[in-house]
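Work through the exercises below with the sequence and the model open. Each solution goes step by step.

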Amino acid sequence: MNQQKPSIKQIYLRLRRQQGEQGWWPADSHFEIIVGAVLTQNTAWTNVEKAIQSLKQQNLMTPQAMIACSRPELAKHIRSSGTFNIKAKRLHAISRWYFSHGEFSEISNWPTAKLRRSLLAVHGVGAETADAIILYVFKRPVFVVDAYTKRLFSRLGFVDEDCSYESLRGFFESNLESDAALFGEYHAHIVEHAKHVCKVRPYCERCSLSEYCDFSK
Ligand code: SF4
C-alpha cells in the first residue's frame, strides 16, 4: 500500500463522495424488489429493467398474478433477462413462497435467521439473492456480496481472491456498524465502482481508491 491501510468505512466514504447517493433498490413495491433480485442473476440490470417493465405492463407484478400465469407465458415476458425459462420457474417458486407466508406484513415479523433459512430453501434462491431480499426488502443488516465485491476488495488487499461468500460477508459485517441503510448503499457503491472503474481491466487512473491500492503496479 502507498499509505496506511484505510478502514472499510473509509473506503465507503471515499466511494460515496465520488459516486453520490445510490438509493438502492429502485422499485415500486417489496415484491418488485424480490422479482428484481431473481431476474438480475447473471445478467445486467438494463436487461432486468426491460423484463420488469414488461411484467408491469401485463399486470403481473403481484405474487398472485405471477402464480396464476403459466410458465411459458411468464418466460415470454422476462425474455430480456436471459435464461428466461429457468427464471420463470424461479419466479413461480419465490411468488409461492411470498404469498403462502403472508407477504411482507407477516414475513417482516420473522427473525433474520429464520428468514434466511426459509429463503435459501426456495428453488433458485442462493445466498446472494437471499441476502439481497433480506437487506433491500426487509431492511435487515445482512451484507450482500458478489463477484464485484470480491474483485475490488481482493485488489485492495483486504481479502483473498478465492475467499468464500460467507467469509466475505462476515468480513463486512464484523468491520462495519450493523446498519441496513449503510449496507444497502455500500453494496450499491461497490457494484457501481466495479462496473465502471475497477473492471476486469481496471481504469486505475480514474479510481478514487488508487492511493490505497497496489494492484495496478
Ligand atoms: S486502483 Fe485500479 S485495481 Fe485498485 S481499486 Fe482502483 S481501479 Fe481497482
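The exercises concern a predicted model.

**Exercise 1.** Find which residues of helix 3 are buried, and where they lie around the axis.

Solution. 
- Locate the element: helix 3 covers residues 45-57, which is 13 residues. From its first C-alpha to its last it reaches 18 Å, close to the expected 18 Å.
- Apply the cut-off for burial, under 20% relative accessible area. The buried residues of helix 3 are Val48, Ala51, Ile52, Ser54 and Leu55.
- These residues span an arc of only 160 degrees around the axis, so they sit on the same side of helix 3.
- Turn to the other side of helix 3: Lys50 and Gln57 are exposed there.
- Look for the partners: the buried residues of helix 3 pack against helix 2 (30-39), helix 4 (63-68) and helix 5 (71-77).
- Go just past the end of helix 3: Asn59 has a positive phi of about 55 degrees.

**Exercise 2.** Decide whether Thr149 is buried or exposed, and list what Thr149 touches.

Solution. 
- Read its relative accessible area, which is 0%, so Thr149 is buried.
- Leave out residues up to four places away in sequence; Thr149 then touches Val144, Leu168, Phe172 and Ile190.

**Exercise 3.** Describe the largest nonpolar core.

Solution. 
- The core has 69 residues, and Ile94, Phe153, Phe172 and Tyr186 have the most contacts inside it.
- Helix 2 gives the most to this core, seven residues.
- At least three residues come from each of domain 1 (8-22 + 143-212) and domain 2 (30-136).
- Take Tyr186 as an example: its contacts beyond four places in sequence include Ile8, Tyr12, Phe143, Phe153 and Phe172.

Notes. Residues are numbered from 1 along each chain as its sequence is written. This is a predicted model: local features need pLDDT of at least 70, side-chain atom pairs count only at pLDDT 80 or more; totals for chains, interfaces and linings use all residues. Side-chain values use heavy atoms; hydrogens and water are left out. Helices (H or I, at least four residues) and strands (E, at least two) are DSSP runs, numbered from the N terminus. The expected span of a helix is 1.5 Å times one less than its number of residues. Buried means under 20% relative accessible area, exposed over 50%, partly exposed in between (1.4 Å probe, protein chains only). The arc is that of the directions from the helix axis to the C-beta atoms. Contact means heavy atoms within 4.5 Å. A nonpolar core is a set of buried Ala, Val, Leu, Ile, Met, Phe, Trp, Tyr and Cys residues joined through side-chain atoms within 4.5 Å. Domain bounds come from an automatic or database domain assignment.
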